[in-house]
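Welcome, and please open the structure in your viewer. We will take it one selection at a time.

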Amino acid sequence: MKLNIEGLLVYFPYDYIYPEQYSYMLELKRTLDAKGHGVLEMPSGTGKTISLLSLIVAYQRAFPLEVTKLIYCSRTVPEIEKVVEELRKLIEYYCKETGESNNFLALALSSRKNLCIHPEVSALRFGKEVDGRCHSLTASYIRAQRHSDPELPACRFYEEFDAVGRQVPLPPGVYNLDDLKDFGKRKGWCPYYLARYSILHANIVVYSYHYLLDPKIADLVSKELCKKSIVVFDEAHNIDNVCIDAMSVNITRRTLDRCQTNVDTLQTTIEKIKETDTAKLREEYRRLVEGLKNANVARETDVYLSNPVLPDEILKEAVPGSIRTAEHFVGFLRRFLEYLKSRLRVQHVVQESAPQFLKDIFDKVCIDRKPLRFCAERLQSLLRTLEIADIADFSAVTLISNFATLVSTYSQGFTIIIEPFEDRTPTIANPVLHFSCMDPSIAIKPVFQRFQSVVITSGTLSPLDIYPKILDFRPVTVASFTMTLARTCLCPLIVGRGNDQVALSSKFETREDFAVIRNYGNLLLEMSAIVPDGIVAFFVSYMYMENIVASWYEQGILENIQRNKLIFIETQDAAETSMALEKYQEACENGRGAILLSVARGKVSEGIDFVHHFGRAVIMFGVPYVYTQSRILKARLEYLRDQFQIKENDFLTFDAMRHAAQCVGRAIRGKTDYGLMIFADKRYARADKRGKLPRWIQEHISDGSLNLTVDEAVNLSKHFLRQMAQPFRQEDQLGLSLLTFEQLQSEEMLKKISQIAHQT
Amino acid sequence: MRASFRPRLFIDRTIRKQSCFVIRCENCVEMLFVRGSGNCVQCDTPLRKNNFRVQLFEDPTVDKEVEIRKKVLKIFNKREFDFSGLREYNDYLELVEDTVYNLTNNLDVENTKLRMEQYQRENRDLIQKNKATLTREQEELEELLLLEQQGNEQRRLDVLQEEQRQLNAKRKNKQALLDELEKSQLPATILLAQHKVRAAQLETQIEHQKQTVKPTNLFSTGIHMRQTVSLLPAPKIEEVLYRYQPLHVETYGPQVPELEQLGRVGYLNHVRAAMPQDTAGGYSSALACHRAVQDAFSGLFPFKRMNS
């Protein structure tokens, strides 16, 4: 279908279009026209990805000088693959319609672990090992050594790529990870470096958030992407947490011990080199004195470690004299390490700011701020000079040096918390130093500054105004889209009371209350009797789930439930969970029916979709607040209050509701899908909680479904399920929630569409 | 945690020639130095009890190094602005580091000490002067700390005030309701409804106030109040001053007459005179003529170049 979006010709690869997709494209085009940033919320399962892609590709073709590149960031590898598949469809459609051969280059980029084709290296299990081995085969000094000693092992794929791969650009087309690997195998080129090299001239790049947000990686991979790019963050409801994680450091006693061995190794290596090859050290020393930037020295394979601070914060200066020679730097590291050890020896919790820390470190071990700032860079240079092949071993000392650089660079937005033991086990000493970032805007600021348009989009971004606030940017469009439905296929119910009128709530005071637990059990039991196929139940935490399941077992509720459906439980072990999921799906497939008990904020709640019969009902037991006693959270809340005028409670509720919305949103993955959404906590009925749900869920909560008892909920659900079980054909949808090209042309429809976008 | 179970260890602070470095537990120190001083068991150097202190770090060499470093830094206390450039400052820093390194690892102790003494003698005044002042970085840190403290204090006061104000407002409101119930003729339900509306209004009002109150610890210029302005001399840059030299172009041709002389010599006789419109923009026929003559004359003596 060819669409006309405010004068822009957009090829849309399907014969039908949802009205909200049209509306979404309108808003997106306005954002791009204004060269500004946008926040767009659209329900999952309404074809967000394809709308985004087809509009931006059309825009790129229409204005090749204004927009040169699309950078599409997603969270996980399966999601990246999904995007690439949609893109492939789109490009094929273009070729068919225009009759030209494709000249677009689109590719996915992932870590070495997913792209390596070296027979030995790719067999390793962990990403870190793969990176380390790859580095030990391809680092420039190792390749230089090979000139004198050809016996040394090499990666023939990289050598081949280095020899010829750069001259020949990747032919246009759409490449997912497997395509890249195939191409690499065919040509004998390393797919990872090929992909990293090709993103510079590709039209569309699909990769993970971290390649843009984590300064340690972004500096390496995304440094040269041009300003005229459009950046899209998909599934961005957790983007603030990603930003914070990218800038935070946790140091335990074990890290320090490993760091100690690292430093010892460094010292012995230096001594060895001093005996054999002093020229090398002298060369490094000369470079540091001159203050040459290592950019012209480093080659792509060498920059294994990168500076943890953001590009514009890095000092353009020579390394201070006190850490210029290798021995002095090792001594410096030793002092810093001993200081950290002494700090970890505390008996009570300490919280302090970065300036306080710096003052203390000067008083105790005479370390100035400036050498600290250069620590990461200096370590990088040293490791390169010492030609240490297996850098994976040096992760501990790298971490420490990153911490040093961060703590001395940023005086605001960070806090240091030293806890001598975990809250749950006060008798077991396990000291941890948390250097935690409290301001997500620090990590994302360069992205907003550098690229002309940044689009943040997800199924659940409500309330929309909070994201611009906590990420500190000015969007030009902020819009939320509803789902147009031919039949109301989602049914949110708020169950506030049990049949015995006991208020249902997961609040702290009633956690142990048997009446509440029993009523929750009854709710699940009754639902298991009437809902076909799969039910997914979410609890607020693992601990809470364990408690409840244990007492259901004692009360015999579990046994009764198992007469209706099988029960599977998510655990913290990833392997166990994926096993449980597999079996759950099998039970749904063969008609036995199953219940999956899982946890909000867990793996299941974030990435797994329960389409059609895999999830006919989602029950959310309680409001998934974060653990509010954590000191890191408290510090962050305080910071939000002082800097952004966001009240603690507002943020906590916002955070809880976005996770609740994520959980219940798992069940509806399209318009033909249907599902119950049961919120089992009386607090959901309050306006401040309800108002923070996404609009497409909120719309369907009527006053009648606010404070139901279990019986009432069961009756409503029965009615709903009976209605939904009727056959539903495409003709029913046509003209209402699904449009053909002709229908899209009518005045009336266009007017209706303009109401879909809800501006705030 | 291991550290906390260890006995308290003491280390000696005197810098000595031999590679002997004394660590003792508390009891030994008490025993050995009953009279306040005694000799080292290993190298016979006289030691004093009050030179012993508690070991802070797990690695005693670090303890020793820090001790030495503090002593050295008392003497080598030049600041960045005592140097003409960053390069010199960095070289100086390395020198300091070398001294500390030598003293800790007992390399060439004699000479190092001599050098230190010599430096001390040469720079006595500067050392005295710098003793009193902090480095710029330390100043910045102090400033940040001060700001932080002020911010915390301010916040605490704000919260207290806010709470007080809310409490007062609520109390007043309640009292007003009671008074009205007592005096008014209206039915109680209406009064209660009115009260409810008023209470809601009060809430929103408080909210608004909260958001408008902004801290005012900035001058209008954006400088923080009570900020200590560091008065550093501007970095000295030593360069050769720029001297103007008139432009000299070798034309390899006969001398071109000056612009003013063109008319007199007769060059302008056959040139179109400037129209009044042309002269408005500053054009005169001499200009065009001068260029044409320059053009014609240059390069007429090619042999001159060959000669040179």
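**First stop: chain B**

Select chain B: of its 308 residues, 23% are buried. Please keep in mind that this is a predicted model.

**Second stop: helix α7 of chain A**

Move to chain A and select residues 156–165, which form helix α7. Which residues of this helix are buried? Colour A:F157, A:Y158, A:F161 and A:G165, for these are the buried ones. They sit on the same side of α7(A), because they cover an arc of only 95 degrees around the axis. On the face turned away from that buried side, look for the exposed residues A:R156 and A:A163. Next, show α5 (127–138), α6 (140–148) and α9 (191–198) of chain A, which are among the elements covering the buried residues of α7(A).

Select helix α27 (residues 631–644) and helix α28 (residues 648–665) of chain A. Their axes come within 9 Å and cross at roughly 120 degrees, which means that α27(A) is oblique to α28(A). The crossing is right-handed.

Now show side chains where the two helices meet. From α27(A), pick A:L633, A:R636, A:L637, A:L640 and A:R641; they meet A:E648, A:F651 and A:L652 of α28(A). Among the residues of this contact, five are nonpolar, three are charged and none is polar.

Definitions and conventions
Residues are numbered from 1 along each chain as its sequence is written. Chains are lettered from A and ligands numbered from 1 in the order in which they are written. This is a predicted model: local features need pLDDT of at least 70, side-chain atom pairs count only at pLDDT 80 or more; totals for chains, interfaces and linings use all residues. Side-chain values use heavy atoms; hydrogens and water are left out. Axes are lines fitted to C-alpha atoms, for helices over the stretch in contact, and angles run from 0 to 180 degrees between N-to-C directions. Helices (H or I, at least four residues) and strands (E, at least two) are DSSP runs, numbered from the N terminus. Angles under 35 degrees count as roughly parallel, over 145 as roughly antiparallel, 65 to 115 as roughly perpendicular and the rest as oblique. A crossing is left-handed if the near helix is turned anticlockwise from the far one by less than a right angle, and right-handed if clockwise. Contact means heavy atoms within 4.5 Å. Ala, Val, Leu, Ile, Met, Phe, Trp, Tyr, Cys and Pro count as nonpolar, Asp, Glu, Lys and Arg as charged, and the others, Gly among them, as polar. Buried means under 20% relative accessible area, exposed over 50%, partly exposed in between (1.4 Å probe, protein chains only). The arc is that of the directions from the helix axis to the C-beta atoms.
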